[in-house]
Amino acid sequence: MRATGKHLSKEEHAALRTLLLTGINPSHAARQLGMDPRTARRAAKALSSAAPAPEAPADPVELRRLRDRISAVVRERDETARRAAKAEDIRGAVFGLVDGPLEPVAFPALGRGEAKAETIIVFLSDLHWGERVDLAQMDGLNSYGLDIARARLARCFRTIADLSTAHWSGPPPDRLILILGGDLVSGEIHAELAKTNEAQSIPAVRDLVGHLVAGINLLKSSLACPIDIISLAGNHGRSTMKPESKGSAETSYDILASDFLEMQFRDDARVSFYTPASVDALFSVYGWRIMATHGDRIGSRGGAGFIGPAATAARGFKRIAADYAARGILLDLVLIGHFHTPLQLEEGFVNGSLPGPTEYSRDGRFRPHQAQQLFLAIHPRRGVTQHRWIKVGVPEEGSLYAPPPDDRPLRPRFRVPAITTRSPV
Ligand SMILES: [Mn+2]
């Protein structure tokens, strides 16, 4: 034990320091060196509060390794965040579930521009006046004869008047164009028709004209606008044995009917007639170029296959468009009848008929369509804004016109489970 009260020598100091740096308890260190434990504790305190010894310069290889490790971790974190966001997007898209309530959308009111008057076009065709269709031979589906034809035509004109007034909104119609689209009479073009028709062509024309006059007078009294009548020749109205290309309009009972009508309205400034010598009528409504023709001369016939008349009509429309394009006329709308099948295709419309399904259409297994006629509204800027099929039959004329019973059972052969995101109530 060294004497107390004496300062430590340089060597003693170094020994104490070395010992303390090994981490030994200061009291033990003091005992080993035989000095005052307070001195050792003081020295230990001074050592621990002293600034740490400067570190050795970092190893650049180790540094590189650590930096790489950090960037890998950051990359992994970013990728995880991206995947979480993507999962949220998919969930949002699939279920339409997004956090928070949906933003309500308000549609702005339409600008109050100046309302424009429109023109009505009625395509009245394939009336087959005088043809007879037997209810029993048609399995109760449909029937036709002069009385039914008269009643259906009356319903047709009443509906045109209704659609142009009571069911019309905006300014009253500018003009009504009534297209008499051919096949107004059944005709004797086949031996079968000649044998079964209720009326021959000439009495049929006479009877029909009386009813058309009544119809036009009804339109005149309901509407204030001018009425234009365009007449076309169909294949059933021909007075020649076979269809002829030359003089097809002037030899047609369809045109004869419209000539009678024209005589009737000769002194009426509100009703005007346009009867082309051609089988086509080309006219303009607000600059829209419209072509109407009966439909038997469209460069496409038969060969409908399982698609039915739609394929034949579509082919015919393309041929008509190409024909007129070659003449420098780009058509906006084509209207035809003839197929007794209400259709809307790219280029225009195919009209229905007044008789509805017949023994002939049944034999061809053409899909039965209700007797109907085409009503269109043309807007100066929008073109066709309304197309309506005026259905003119009633249940007494055949089961085709009866509504389906509302308790008709729906029994699918195979039940397919419904897919729903909600649990059944
Ligand atoms: Mn026809």
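What follows is a short exchange about helices and sheets in a predicted model.

Biologist: Are helices α5 and α7 roughly parallel or roughly antiparallel?

Modeller: α5 covers residues 146-164 and α7 covers residues 201-222. They pack at an angle of about 15 degrees, with their axes 9 Å apart. Angles under 35 degrees count as roughly parallel. That angle therefore makes α5, relative to α7, roughly parallel.

Biologist: How many residues of the contact of α5 with α7 are nonpolar?

Modeller: On the α5 side, the residues include Leu146, Leu153 and Phe157. On the α7 side, they include Asp207, His211 and Leu218. Two residues of this contact are charged and four are polar, while the nonpolar ones number seven.

Biologist: Is Asp207 buried, exposed or partly exposed?

Modeller: Asp207 sits in helix α7. Inside 10 Å it has 18 C-beta neighbours. A buried residue needs 20 or more, and an exposed one has 12 or fewer. Asp207 therefore counts as partly exposed.

Biologist: Which residues is Asp207 in contact with, leaving aside its neighbours within four places in sequence?

Modeller: One of them belongs to the α5 side of the helix contact, where Leu146 is listed. Leaving aside neighbours within four places, the contacts of Asp207 are Trp129, Leu146 and Ala199.

Biologist: Which strands stand at the edges of the six-strand sheet?

Modeller: The sheet is open, with mixed pairing and the order β4-β3-β2-β1-β10-β11. An edge strand has a single partner, so one of its sides is left without a neighbour in the sheet. Here the edge strands are β4 and β11.

Biologist: In β4, what is the bridge partner of Asp228?

Modeller: Strand β3 spans residues 227-231. Four bridges join β3 to β4, and the two run parallel. In β4, Asp228 has as its bridge partner Ser272.

Key: Residues numbered from 1 in each chain as written. Predicted model: local features only at pLDDT ≥ 70, side-chain atom pairs only at ≥ 80, totals over all residues. Axes fitted to C-alpha atoms, helices over the stretch in contact; angles between N-to-C directions. Parallel < 35°, antiparallel > 145°, perpendicular 65-115°, else oblique. Contact = placed C-beta atoms within 7 Å. Nonpolar A, V, L, I, M, F, W, Y, C, P; charged D, E, K, R; others polar. Pairing = 2+ DSSP bridges.
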